[in-house]
Every structure is written in structure tokens, then in C-alpha cells.
Amino acid sequence: MTGKAQNPERAWSRRQALSGLAATAIGGWTVVGAVRPGQARAAGVVAPAGFPPHLDVYRRVFENWAGEIRTEPLWTCSPRTGQEVAEVCDWARELGWKVRPVGRRHGWSPLVVADGTRDDARVVLVDTTRHLTGMSLGPVAADGSAAVRVQAGALMEDLLEFLGERRLGVTACPAPGDLSVGGALAIGAHGTAVPAAGEPAAAGKGFGTLSNLVTELTAVVWDDAAGAYAVRSYDRADPDCAALLTHLGRAFVVEAVLRVGRDDNLRCRSYLDIPSRDLFAAPGSGVPASRTLSGFLDATGRVEAIWFAFTDRPWLKTWSVTPNRPLASRSVTEPYNYPFSDNIPEPVARLAGQVFAGSWAGAPLLGQLQYLIAKIGLTGDITDVLTSPTLIRDLLTADVITHLLAGGLRSDLWGPSRDLLLYIRPTTLRETANGYALLTRREDVQWVVHQVTGHYSGLLEEYAARGLYPVNGQVEIRVTGTDDPAVSMVPGAQPPLLSAVRARADRPDFDTAVWFDVLSDPATPGLHSFCRDMERFLFDTLDGDRATVRVEWSKGWAYTDTAAWAASDILTEAVPASHRAGGGPGWDSARDTLNRLDPHRVLTTPLLDTLLP
């Protein structure tokens, strides 16, 4: 989803991997043709002139989650302290280089580097995940809350394990555990949760983004008095902290303190038998509330709908706070409990390989196959296989079904929050995604969901009638609250100014956000124009008195018919306007603060230069 045509060699290697059942994610840096850390001096690599001599600098390729952004080998270093990061920034300022903090590269938008960045670019990547990984816990208060200090390169799965061992946790978090904490904070990462009907507030736990849990940040910023970059800590009540909480990569946060609370046991249930026409029904249509998304939201507070393309029954997951294991629930003690999605099943790899090799019209079959595999793996029900098209029946052999059932059924799971909230491994099928947050009233959630899914379905049919199948993945819908600074328990706490779910000062009734993503293979014909049409509907039609539309920073947005992050009116008008809506400190205050903390624009990219000039 970049402005360039996809590299044929890159596309071919992807297809080969799928058809060869090796569609595993690139779990670390791509090191082919590059020099690994610790080998630079031995290999005779000459560091850039003047680079801090006590830091090993080496070359590595940057490649993001879906492979859409890939660079030539770039200079990379791995500082051990915030002060060493400051030294790199000072070096970069003096010589006209850019410094880019890097975590696990699990993102889609070019907030770190642009696709195709050449090896002679004056850009140095700073890998936070090698050394900046420490964490420590403060005292646990009588109300069960605590503060955890964590460095930017620590992984979310490690942080949640650290907390879980001490019976602490968060309300919600992103499903992949292979995210750096610094990366998650930079873009305002989220899970899916609002209070269920009658659910009491829990000390130290909130329903917005991870950024809203911050009580203190430590960042590398420009110090005018010293004439150099320096390490500085910011209390949550400091107005400057408000811009750093979700900084989009326009700053370098090296450490954060997060407010957390007493851990909850959760029950996660999966449903695959509710038609989309009921789950996403219009309010007042006569569908019982118990079969609608908002009905499940009221009952449990935590929902996610995964709707495979060209199918009519989404995979609905709900999580509910459940202290004791229900008799029907399967107890789990580790995360990642859906092996059929973590490890690409052989039939999906075979059919996906054909689709991605150019048989794009196979998308409906691929969607149906993914739904059936989820249904078998979750419930053991194979009745739909018997009435499936011949190709799918041929793929779902007895051996495949036996393998899917081997780990036991997983439609009703129970355990500590970490083990239910983390469920996507790097080995899952890697797709691109667009992403939007729609702020609305809690009572309008069903209306928003009906409007968006209805337009999506109609658009999908319209494209198919033209012989185009732009979506071969799924729609994902999650629901959160807005960011309430009081959750941090810091007096005078400021909101994350650039959070997609920062509350509107003039609309306190907009207390909920519906997150909507469409996932597909990045090389799919018609994908960009489809995403453009969806985006224009959201901004031009849905945005108004009943909803405010904001982009999800880490994903795809600002579409033209050939590229993402390229529509100038979205970049320079619609996105800033969505954050200015409602008045109060917001877009302009965040931009001005970030520019003041990095006046030399050492910490920026071409996209950020357009977005936050």
C-alpha cells in the first residue's frame, strides 16, 4: 500500500512461502546482505564519520509487518541507555542525519522510515529491543493498583507476563504480544473493552489506549540551555507530557511508568452461528438485542468481530470478567490459544498461495475456507464442510480436520487476563490493514456498526460485479472507551493529545470508540481504491453529529486509488480537523510541543513532515 508498484521479486517470494507452507512471519530483523550487531568491527565496517565510538553500528534492512515497507540495509545501533540515545541524536543534528526509534516493526504506516529508503540515506535506526528492556514494579496500593516502570524496548508479552506473575494486569491490550512498549505507546495502541452493564470501576485500570495508563515518561529532548539533546522525565500533569503520550515517532521515549491494577480472570467465548445481518443489524430492526453486537457489548463489555470476506457469519469473541472457572470453560495457562490462526493451516496456505499468485477471484473461497477452519478449530463442527464447494472439501481432508481437532475445542476459554488477551503470534498470515476509530455515544454503537458494515458489504458487491475482489482477508471490529486521564491517578493529568480516542471537550456523550479495520494482501488489485472509497464514506458521510472519524495511526489511511498515506486533503485537512474538533488543546498544541522538543527535526520522517510540519 505504498505509492510504488510492488517489487515482483518480493511478491514472488511471498507466494512461494505460502505455497511451500512457510508463510511464517519475519520475526526479527532481515539480515540478508547485512552486518549483524557485534560483527561490524570484525567485518571491517567503517562507521559513519564521527559516530559515537563506544556504540557498535551496523547495517540492517528494515521491513514492516506486511512487507510493504522495506529498505536497503541502513545504519543501525543499539544504545544501552537514554544518554547514549541522546549522544546519537547530537551526532545526527551536527551532521544532518535523522534518528528513527525501532521496536518490533509490527506496524503498517511509514512512521519509522519510508518504503525504499536507500542505503546511502542519512538515516540511523535505533533498535530499542536489544538493551532498553528493563522493568520494575513499585509498591502495590491498598486498592490493588501499582505503577510499573518499563523501558521502551520491552515487549508487551514480557510486560504482561511480569505483571501477571504478580497478579496485576490491564483491562485490554493489542492481541499481538510481539510489540515493543515504546512502539505501542507511540501510536496509542488499544485492545477492546468498555464497562459491561453494572461493571464497577477498578483502580488503575481504564478502557482507552495504553498511552492513557502512563503516569510518567522519560524522553530524549532538546535542551536549549545545554545546547544538546538530553534525557528528561515528564510527570503526567506536565503539559509537555500530553504531546509525548502518543507522539507518532516524532519523539524518542526511552522509558515509561504505567498505572496497572489487580488482574482479572476472564472468560472468552466464541460464536460463529450469528448471521451478520443480525449481529450488525440496524437499531430498531426487530432483531433481539441478545443477537446484536451492542447486546453482547452490554452483557460482557469486551467484544471483537472478525468477519472473513464474502461470508455471512462473523467470528464473534466476547470476554467477561469471571473470577471462577465456569464448568463448561476450558482453563488455559498460556497465551496464544488459537493454533489454527497462529500457524497457517496447510489448506489456507495452498489456497492463499493461488489467490496471491494472481487468482484474485478466489477470494470468496478463501474467506469461506478461513471461516470453516475457525469453526472446526473452535467448535469441532464439520457439518458446513459437507455442503461446501468441491475445492474446499478437497482441501479439508480427514487428516486436516483431525489435526485441527487435535488440540481440543477452544470456543469457551477461561484464565488470567494475559492468557486470553494475547492471541496473535508473528506466524499468523500477514496482511495489510486500514484503520479508523469512530467516536460516538455508547447507545449509538449499533448504529455506527450497521452503517459501516452495510457500506462495506455494498462496496464489496459493487467491486465484485466489476470483476474485482479487493478484500481477501477480513473485517475486524473492536470497541473501547475514550481516554480518561483520571485513570492514571495523577492529579492534573493531561490527556494524550494525539490519541485517536482523546475525548471531545464539547461532546462528553461521545464516550465510546468503534475501531474498524479491513485486512487484505497488500498486492491485491483494487485494494487502494476500495480503501479510498471506504475512507471517503467515513469522512464525507458518517462523520457528523453522531460520530467523529479519526485514523488509526499504525495502519492505512489517506488513500488515493493507488497508494495509502498519499491523499493530500486527508493528510493536511481531514486528519488535523478530526483532532481539532471540539476545541481545547489538541492537534496544534501537540505539533508545537513536539517541534519545540525537537527543533532540529532529527526525529522525523517524510510522512511526519507532511502531517506535523
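In the predicted model, the buried residues of helix α7 pack against several elements, namely β11 (265-271), α6 (276-279), β12, β13 (315-321), α15 (445-465) and β18. Helix α7 spans residues 293-300 and is mostly covered, with six of its eight residues buried. These buried positions are Leu293, Ser294, Gly295, Phe296, Leu297 and Thr300. The helix is followed by Gly301, which has a positive phi, near 85°.

Strand β18, one of the elements against which the buried residues of α7 pack, comprises residues 474-481. The strand is mostly covered, and eight of its eight residues are buried. In a regular strand the side chains alternate between the two faces of the sheet. In β18, both faces are covered. One side carries Gln474, Glu476, Arg478 and Thr480, and the other carries Val475, Ile477, Val479 and Gly481; all of these residues are buried.

Strand β18 pairs with β12 and with β19. The pairing with β12 (residues 302-308) is antiparallel and runs over five bridges. Within this pair, Arg478 of β18 stands opposite Glu304. Strand β12 is also among the elements that the buried residues of α7 pack against. The pairing of β18 with β19 (residues 512-520) is likewise antiparallel and extends over eight bridges. Here Gln474 has Leu519 in β19 as its bridge partner. Both Gln474 and Arg478 belong to one side of β18 and are buried.

How values were computed:
Residues are numbered from 1 along each chain as its sequence is written. This is a predicted model: local features need pLDDT of at least 70, side-chain atom pairs count only at pLDDT 80 or more; totals for chains, interfaces and linings use all residues. Side-chain values use heavy atoms; hydrogens and water are left out. Buried means under 20% relative accessible area, exposed over 50%, partly exposed in between (1.4 Å probe, protein chains only). Helices (H or I, at least four residues) and strands (E, at least two) are DSSP runs, numbered from the N terminus. Two strands pair if DSSP finds at least two bridges between them. Contact means heavy atoms within 4.5 Å.
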